[in-house]
Amino acid sequence: NNQLTVLDVSVNTALDYLSCYDNQLTALDVSANTALTELDCSGNQITALDVTNNTALTNLYCHLNQLTTLDVSANTALITLVCNENQLTTLDVSANTALNHLYCISNSLTSLDVSANTALTFLECYNNSLTSLDVSANTALNILKCGNNPLSSLDVSTNTTLATLECGSTQITNLDLSNNLALAYLGCGDGQLTSLDLGSNTAINQL
């Protein structure tokens, strides 16, 4: 939260935590910082971020920048990835099997494959251009927010631990929640539903 336009950490090879959010950086070179486990460079004007050398990263916060691509294929230890409000059209998280929290809100994603991310408990991907979303492999999901996408269907039958579901402003016409007995919050407004059966969802306290 300063006015830094340049930050040179090339000689700081022992760094394991770098937080430089809310500045005016247009670039950030962390290629020499191979010990980094947490990087927060959010709220800048960064157009490209190379984290291929940062294989120890467990937490990456790069939201509120101007990224058009993000390669996290080398970051297999990632537990948390927050890349909201960039200009991403694709995001490959197939190598990030340890991922627990994924936030990719407000990008331009047309597809998102989370089939390899079986440890996911938080997935927020709303406000994109997703036409489909398969969460059948994400049986540990606790929170799913996928609204404001042109989704025509959503199958959450395997997501039995789901406590929060936000799927409003979509094209979904049918929503079967009979297996989601832990559901406490449901947001499904401004959509195409013609009926909604919540007979099994006795834990809901916000609708």
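A salt bridge is taken here as a side-chain nitrogen of Lys or Arg within 4 Å of a carboxyl oxygen of Asp or Glu. The structure is a predicted model, in which local features need pLDDT of at least 70 and side-chain atom pairs count only at pLDDT 80 or more, while totals for chains, interfaces and linings use all residues. Residues are numbered from 1 along each chain as its sequence is written, and side-chain values use heavy atoms, with hydrogens and water left out.

The structure holds one salt bridge. In this bridge the side chains of Glu124 and Lys145 meet, at 3.9 Å from N to O. Glu124 belongs to strand β6 (residues 122-124) and Lys145 to strand β7 (residues 143-145), so the pair ties together parts that are 21 residues apart in sequence. Strands are DSSP runs (E, at least two residues), numbered from the N terminus. Glu124 is buried, at a relative accessible area of 11%, whereas Lys145 is partly exposed, at 26%. Buried denotes under 20% relative accessible area, exposed over 50%, and partly exposed the range in between (1.4 Å probe, protein chains only).

Both strands belong to an open sheet of nine strands, ordered β1-β2-β3-β4-β5-β6-β7-β8-β9 with parallel pairing. Its edge strands, β1 (17-19) and β9 (185-187), each pair on one side only. Two strands pair if DSSP finds at least two bridges between them. Strand β7 is joined to the parallel strand β8 (residues 164-166) by three bridges; in β8, Thr164 is the bridge partner of Ile143.

The nonpolar interior comes next. In soluble globular proteins, nonpolar side chains tend to be buried together. A nonpolar core is a set of buried Ala, Val, Leu, Ile, Met, Phe, Trp, Tyr and Cys residues joined through side-chain atoms within 4.5 Å. The largest such core has 51 residues, of which Leu81 and Leu144 touch the most other members. Beyond its neighbours within four places in sequence, Leu81 is in contact (heavy atoms within 4.5 Å) with Leu60, Leu70, Val72, Leu91, Val93, Leu99, His101, Leu102 and Tyr103.

The cysteines remain to be considered. The structure holds zero disulfides, a disulfide being a pair of cysteine sulfur atoms within 2.5 Å. Cys41 is in no disulfide, and the nearest cysteine sulfur, that of Cys20, is 5.6 Å away. The sulfur of Cys62 lies 5.5 Å from the closest cysteine sulfur, in Cys83, which is too far for a bond. Cys41 is buried at 0% relative accessibility, and Cys62 is buried with a relative accessible area of 0%.

How values were computed
Helix = DSSP H or I, 4+ residues; strand = E, 2+ residues; numbered from the N terminus.
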